[in-house]
Amino acid sequence: MSLALPSTVTGVLASIPSPPVAYIDLGPVRIHFYALCIIAGIIAAVLLTNHRLTKRGAEPWVVIDISILAVPLAIIGARIFHVLTHPNFYFGEGKNTWNPFEPGSVWAIWEGGIAIFGALIGGAVGAYLGCRWTGIRFWTFADALAPGLLLAQAMGRFGNWFNHELYGLPTDLPWGLEIPATYPWNGQPNTALPPGLPEGTLFHPTFLYEVLWNGLGVIVLLWLGRKLFFQWGRLFAIYLIWYSAGRILWESIRIDPSEVILGLRSNVWAAIIGVIVGLVILVVQTRRHPGLEPSPYQPGRGRKDLDADVQSQDNPSDFVDVSEPPADEVTAGATATSAAPSSEDGSR
């Protein structure tokens, strides 16, 4: 008896299915899994960055103060970059450009559409302002952030998997990604699918390629970060080179709509610029700062938790005098300041 499986069965077993749901409704609130992936990535990046900054000598959780500015500006920058590189999605006849109460507006970030290179630009501005506020050196923070940032990007890519988006060219490889012609959660057609493809066509799972590439990059950056050479922003430079080099490859096989400039997708050009900026930072910072960073803080700034006036949880003597009296207050043979009553005055 032959044990061979039908080709349709083997095709299903040798492919990656797309999730049947992209969100859950909790009463009137709709929670998208894409957003949960992004939030989880941000939390992971904050925790890892806090650990690395604290080991470097910074005040614990100062990363929160910096993130208050960096994260919102990163999200704003990511949305602006996406809109500018996909103008046909939002501008032109029949498009709802500005009305946030109708689908398809430039404000509707909840519908998807953010770009990591815009997030890097906006986040860098926010991080610079946050570092000025807290006194942390900008390049120290950037180096501490680099592995966590790559980890956040790896986690965020799972959101594209849930959304059935940003996949690559058709493939017959055993790890091909299944993309249904209609979205299973609303029955609407997936307009990003190229027309004319036979049913059951599989696609390169570019989200998975980035997850693996970024995950490997986290390990590399953590290893390089143990070497003292990678200070003054040089580890962040390696992050830019690593991530951008991989993005050039994955972006080149993606088939989602994008602006094409001189034969290359706009994000390929952005990734090329990322590699160049990383190389420039590496060369310039190596020449400007051949030595080690003296402190994670800017000159004249330091940890606020070490010079605070009150730390009663660590020092119980702030409010109770538990010290011994000075030795010179009581001397041997000294007479008492008050004497016991004598018998001459009739006291007994």
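Arg-30 has a relative accessibility of 45% and therefore counts as partly exposed. In this predicted model, its side chain meets that of Asp-25 in a salt bridge, with 2.8 Å from N to O. Asp-25 is likewise partly exposed, its relative accessible area being 41%. Both values fall in the range between 20% and 50% that defines this class.

The pairing just described has a simple basis. Side chains of opposite charge can pair when their charged atoms come close. The structure holds nine salt bridges, and several residues take part in a linked arrangement. Arg-157, Glu-210, Arg-247, Glu-251, Arg-254, Asp-256 and Arg-265 are connected in a network of salt bridges.

Glu-251 shows 0% relative accessibility and so counts as buried, because buried means under 20% relative accessible area. The side chain of Glu-251 meets that of Arg-254 in a salt bridge of 3.3 Å, N to O. Arg-254, at 9% relative accessibility, counts as buried too.

Glu-251 also forms a salt bridge with the side chain of Arg-265, at 3.0 Å from N to O. This pair links distant parts of the chain: Glu-251 belongs to helix α8, residues 234-253, while Arg-265 lies in strand β8, residues 264-265, and 14 residues separate the two. Arg-265 and Glu-251 are both buried.

Key: Residues numbered from 1 in each chain as written. Predicted model: local features only at pLDDT ≥ 70, side-chain atom pairs only at ≥ 80, totals over all residues. Heavy atoms only, no water. Salt bridge = Lys/Arg side-chain N within 4 Å of Asp/Glu carboxyl O. Buried < 20%, exposed > 50% of the residue type's maximum accessible area, 1.4 Å probe, protein only. Helix = DSSP H or I, 4+ residues; strand = E, 2+ residues; numbered from the N terminus.
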